[in-house]
Amino acid sequence: LSNRLNGVFDRLRRRGALREEDVAEALREVRVALLEADVALSVVKDLTTKVRERAVGQEVLRSVSPAQQVIKIVNDVLVEALGGGEGDTGIRGIDLNAPSPVAILMVGLQGSGKTTTTGKIALRLRDKQRKKVLVASLDTQRPAAQRQLAVLAEQAGVVSLAIVPGEGPLAIAARAMDEARRGYFDVVILDTAGRLSIDEELMAEVAAVKFATNPHETLLVVDAMTGQDAVQTARAFNERLAVTGIVMTRVDGDARGGAALSMRAVTGAPIKLLGAGEKLDALEEFHPDRIASRILGMGDIVSLVEKAAETIDQAEAEKMAARMQKGLFTLEDYANQLKQIGKMGSLSGILGMLPGVGKIKAQLEGANLDTTILKRQAAIIGSMTKKERRTPDIIKASRKKRIAAGSGSSVQEVNRMLKQFDEMSAMMKRMSKLGQKGMMRGGLA
Ligand code: GDP
Ligand code: MG
């Protein structure tokens, strides 16, 4: 999937301009990527429209490729859609800014993780914010549900409301509020029953509880694996219960989390927390940028682009690119490149941004280059004479010994470096023969 996107972005890059058809082509792929990430169709449509409006006609920045510009725009739109605007730290907690006891109502479908999340939030509030927390299970549907919460509460070190057999949800809620007031609790978390799908009886029941307890937060708990029906779920809950925040669970699985986008789009409520496991401490802050990149499925490309823009010296990169296109590649160029790569912090990062290097990248990663080796290699080249750098063929045993001593490495390491340089320069020659004319348009970054 990521490869497919890279393919399109490569093509875009070579054209060097953000024309309408370029953007449309990229967006076709983006649309597929988003649908595969389980973002609801209606939400995908809105997002791609936004990207198109912003991208088409946008002047191509000199220092970045059109491809990077599109990646960045898609990413920015996703981050915004997820609620990470300007001045937004991306970290939101539960709002407790109300008179005690502050009630939190947990709602959502059965199995979404309400009870587990209740335990997690209780633990966090007690442990990190020193709150006195009471939890109460209003789930009279499943026989073991109330017991389940009592067990979790004990693990979290908070009080759970005593179970009274035969009592209904409204009565339990009233008793919980009463107990919270009398016991001077700061927070009371009301865990409700779920249904396998939305039904009127459930909604009416939870709405009545909400009316009676007037919770400061109504948190909709959703499973990250939820697919296209995330929208209906969110809409139904929001219409009846005016959701104030969303908790997305099971982000520890391999779902890409498109449900977050759908939920957010439909309810307008912020995503407050993420559930990342079954254990009680597996609760994370929500970072829009992280989820955006996960949904887009492009790994760290966006951050690498940002980093590259900061650290790569543009003129240097263009000079080097021009030489590489001519098939010229010396140890000096190699040293230069090592330096640039060192600044980027990762070799596969910079290579990932060069078009058409998939194979080479795999090859180099096979060679197991890491940044400490890169620094070593730069030092080795630094210990060579000018003549050696230009005509490495003259480097025989005695010179190798001298170079190794001068750079604090071994002859073996010198050999390894020379071999890698040979491979790299052979690669460069092949690439230039392929006549990839536009390959380096826009420079390395
Ligand atoms: P409820 O019906 O909404 O109350 O859902 P539960 O809290 O009972 O959770 C249902 C199942 O999902 C349980 O087995 C939980 O351990 C599991 N679960 C809940 N949250 C997470 C999560 O963030 N990650 C994983 N892997 N499992 C979770
Ligand atoms: Mg439950």
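**View 1. Strand 1 beside strand 4.** Strand 1 (residues 102-107) and strand 4 run parallel and are joined by five bridges; strands are DSSP runs of E with at least two residues, and helices are runs of H or I with at least four, numbered from the N terminus. Two strands count as paired if DSSP finds at least two bridges between them. Look for A103, whose bridge partner in strand 4 is V188, and for L105, whose partner there is L190. This is a predicted model, in which local features need pLDDT of at least 70, side-chain atom pairs count only at pLDDT 80 or more, and totals for chains, interfaces and linings use all residues. Residues are numbered from 1 along each chain as its sequence is written, while chains are lettered from A and ligands numbered from 1 in the order in which they are written.

**View 2. Strand 2 and the cover over strand 4.** Strand 2 (residues 133-137) also runs parallel to strand 4, with five bridges between them, and L134 stands opposite V188. Five of the five residues of strand 4 (187-191) are buried, meaning that 20 or more other C-beta atoms, placed from the backbone, lie within 10 Å of a residue's own. V187, I189 and D191 are buried on one side, V188 and L190 on the other.

View 3. Eight strands form an open sheet with mixed pairing, in the order 3-2-4-1-5-6-7-8. Strand 3 (159-160) and strand 8 (283-285) are at the edges, each with a single partner strand, so one side of each has no neighbour in the sheet.

Conventions:
A residue is buried if 20 or more other C-beta atoms lie within 10 Å of its own, exposed if 12 or fewer, and partly exposed in between; C-beta atoms are placed from the backbone.
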